[in-house]
Amino acid sequence: MEEKEDLKSVLPYLPLLVRSSTLFWPSKVVEALKSMAKGPEHSQVNSGEVLSVAICDIRSSLSLFEPLAPFASMFISRAESTKWFGEVVPALANFLLKLPSLLESHYLNADDFLGKYGIKTDLRILGPQEAGIAFLRQELIGALLACSFFCLFPVTNRGANHLPTINFDKLFTVMDRVSCTNGKDLKVIAIWVLPLDSRPLFISYPDADAWSKSAVPLCPFEAYSLGSIEDHSTDALQVDFANKYIGGGALHRGCVQEEIRFMINPELIAGMLFLPLADNEAIEIVGAERFSDYNGYASSFRFSGDHVDKRNVDVFRRRKTRIIAIDALCWPGMKQYALIPPSLHEASSTGVETNEGISVNLMLRNSDQKSCQFLRHKDSLGIVTGNWGCGAFGGDPELKAMIQWLAASQALRPFMSYYTFGVEALQNLGQVTQWILSHEWTVGDLWNMMVEYSSQRLNGQTNLGFLPYTR
């Protein structure tokens, strides 16, 4: 078992020991988990304070001496506490007891999916610019999330290798300081999980000349002032406005678009274990089931009830939910108008591969509209997105919308649906995009208009937003 290179890459980030091809917990950890799995009557783990002591004891048995963020209590009602410590914590302990055997089974059977095509699908650390797939089963993701809850993942060298925080201790600290009605609710993260995987995307960046000369027609565009990306009814790639560390502040104080998505689809948290994200890369996650409804945003975020995910399932029994994480560049203010050519590289990862595996960006430099329409495969998915990179990063929402439209069109996506979240600058987005489509603009036409606009905006020749500028 320890001879597998993929396992070797992830072992330093796992709390398990390995000997003679066998993964295992130390005996003291097994004893503690078995006691906890029998319930609070046996383990006496019936409060946040006792649980924190139990977690620290288990960590000590694993020689994990890195300091945890301090946490003690959990702000849940007495009735919820009974269920939490009587049912949820024992279930978590059972997941952890199964982790060694689940991982062994995973590595023994990982090649059953796509091995005959020479494609690896097992759990491993993906390096910078390295495309790859990982198929993880439901129980394995549950065990990995249990490991996060018990704060058992080693943290040494995670930051140096561009991997985000994975343990829950800082999230517990936030909950300890802020009442549950103001912060994230344990209910949102206590339910899980379905298989998750990330699919490699073809990495190819056209230069400015290629964008300028592209004859690819712009794809259909729909703008919505109300609603949210995760509630979109049509099957599509749903954009996650990712942090440079996937998941962002989901296990810290963060509670904006990406963090909320990781809370209502909690199996996404498992990706934080092994998926770094460079600024020119994308991560696609397939099959994440939604378990929670919510109200509000940021400090007003509230859990509002269980969510029954009614999306259809695929042949692997995964929900037909596809989430694509892309990290915007942070270029606020006027300097973003000087960076329009390189900023297109941000969104180029929204899918530059056809169903036939053809590199669209390399093929379409001299293609005509007829051949482009042929390549828009009937089974390809559209893009559902919104104001990506327009919050703390200070992006111009009008330009960011156009950048995403260009990338989706160049990638031959059949449509883009855009949720404006009521941003005033985008109130005419639907009208302008329909006007552009009625005049049959190509990617090259829109690109050249953006370059012209950005030059005039940078030089003080116009103060108009891009949308009124086009008319």
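Predicted model: local features only at pLDDT ≥ 70, side-chain atom pairs only at ≥ 80, totals over all residues.
The model holds 10 salt bridges. Three of them are listed below.

| Pair | N to O distance |
|---|---|
| Lys8 and Glu5 | 3.6 Å |
| Arg319 and Glu289 | 3.8 Å |
| Asp314 and Arg318 | 2.8 Å |

Lys8 and Glu5 are 3 residues apart in helix H1 (residues 5-10), so about one helical turn separates them. Lys8 is partly exposed, at 44% relative accessibility, and Glu5 is exposed, at 55%.

The salt bridge between Arg319 and Glu289 links distant parts of the chain, 30 residues apart. Arg319 sits in the loop between strands S8 (302-306) and S9 (322-327), and Glu289 in the loop between strands S6 (282-286) and S7 (292-295). Arg319 has a relative accessible area of 18% and is therefore buried; Glu289 is buried as well, at 13%.

Asp314 and Arg318 are also both buried.

Helix H16 (residues 443-458) spans 22 Å from its first C-alpha to its last, close to the expected 22 Å. At its start, a side-chain oxygen of Thr442 comes within 3.3 Å of the backbone nitrogen of Gly444. Buried residues of H16 include Trp447, Tyr453 and Arg457. Just after H16, Gly460 has a positive phi of about 75°.

Helix H10 supplies the largest share of the lining, 5 residues. The lining comprises 15 nonpolar, 9 polar and 5 charged residues.

Methods. Residues numbered from 1 in each chain as written. Heavy atoms only, no water. Helix = DSSP H or I, 4+ residues; strand = E, 2+ residues; numbered from the N terminus. Nonpolar A, V, L, I, M, F, W, Y, C, P; charged D, E, K, R; others polar. Expected span 1.5 Å × (residues − 1). Buried < 20%, exposed > 50% of the residue type's maximum accessible area, 1.4 Å probe, protein only. Polar contact = N/O pair within 3.5 Å; in protein donor to acceptor, adjacent residues only side chain to side chain. Salt bridge = Lys/Arg side-chain N within 4 Å of Asp/Glu carboxyl O.
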